[in-house]
Amino acid sequence: MAKPLYRILSPDGFDIYQNKLYLKSEINDAYQKWSDGFKHQGYYSLLRTKIPLDKLKDYCIINKTRAKRYKSKEILKLDDLYELQDSFCSSGITFQYRLTAGELKWARHINGKYLIADFVFENIDENNILTFWDPEELKQVIEDDGMPPKAVMLSDDTALQKLFFWLS
């Protein structure tokens, strides 16, 4: 099942970290890291108002949201994935991809044999939606399987292989 994603907005209404989405379990750590940046001055400044750090969390907003979702046809029709590569690899912006029946069959076939299958099944929901959270994890899994920048035994004609190639 897809895990809900959340945005954390500062009292000004801006993301505490631009273009970053969080799992519910990550919210407190992300907030704490962000608010620690104000410890030196001892408050958060908002329109001539000084918000004490012990009250700052009360002024923040946590919104449930949804990551951008792609389908195979969308990925395959693109000549390149520079924009997605930049947003995911450079900025860590989470996105989702709906696996095709063939891609799901591939993942099941290699399950228990290659780390990329573990990556897929740890990040997929009951609707075959794969969530890409962490560019470093993806890169490491692809490298550890020994065929960078591609996933083993997956056709080059698939959108999933195109994603793996461009993002790892």
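## A first look at this predicted model

Leu-46 stands opposite Thr-49 in β3. The protein holds eight helices and seven strands, and its C-alpha trace spans about 60 × 30 × 25 Å along the principal axes. Here is a short tour, by topic.

**The hairpin**

- Strand β2 (residues 43-46) runs antiparallel to strand β3 (residues 49-52), and the two pair over four bridges.
- Together β2 and β3 make a hairpin with two residues between them.
- In the turn of this hairpin you will find Leu-47, whose phi is positive at about 45°.

**The three-stranded sheet**

- Three strands form an open sheet in the order β5-β6-β7, and the pairing is mixed.
- At the edges sit β5 (68-70) and β7 (129-132), each of which pairs on one side only.
- From one strand to the next, the twist averages 25°.
- β5 pairs with strand β6 (residues 95-98) in the parallel sense, over three bridges.
- To see this pairing up close, look for Lys-68, whose bridge partner in β6 is Phe-95.

**Backbone features to look out for**

- Most residues other than glycine have a negative phi, and most peptide bonds are trans.
- Asn-128 has a positive phi, near 65°, and is found in the loop between α6 (115-122) and β7.
- Asn-128 counts as partly exposed because its relative accessibility is 24%, which falls between the 20% limit for buried and the 50% limit for exposed residues.
- The loop between α7 and α8 contains Met-153, another residue other than glycine with a positive phi, near 60°.
- Met-153 has a relative accessible area of 52%, so this residue is exposed, the cut-off being over 50%.
- Pro-148 and Pro-149 are joined by a cis peptide bond, with omega at about 5°.
- Pro-149 lies in the loop between α7 (135-144) and α8 (159-167).

**The protein as a whole**

- Of the 168 residues in the protein, 41% are buried.
- Taking contacts between residues at least 6 apart in sequence, 60% join residues at least 24 apart.
- The accessible surface comes to about 10,200 Å², and carbon and sulfur atoms account for 49% of that area.
- The protein carries 24 positive and 25 negative charges, and the mean positions of the two sets are 6 Å apart.

Conventions:
Residues are numbered from 1 along each chain as its sequence is written. This is a predicted model: local features need pLDDT of at least 70, side-chain atom pairs count only at pLDDT 80 or more; totals for chains, interfaces and linings use all residues. Side-chain values use heavy atoms; hydrogens and water are left out. Buried means under 20% relative accessible area, exposed over 50%, partly exposed in between (1.4 Å probe, protein chains only). Contact means heavy atoms within 4.5 Å. Accessible areas come from the Shrake-Rupley method with a 1.4 Å probe; for residues, only the protein chains shown count as cover. Lys and Arg count as positive and Asp and Glu as negative; His and the chain ends are not counted. The place of a charge is taken as NZ of Lys, CZ of Arg, CG of Asp or CD of Glu. Two strands pair if DSSP finds at least two bridges between them. Axes are lines fitted to C-alpha atoms, for helices over the stretch in contact, and angles run from 0 to 180 degrees between N-to-C directions.
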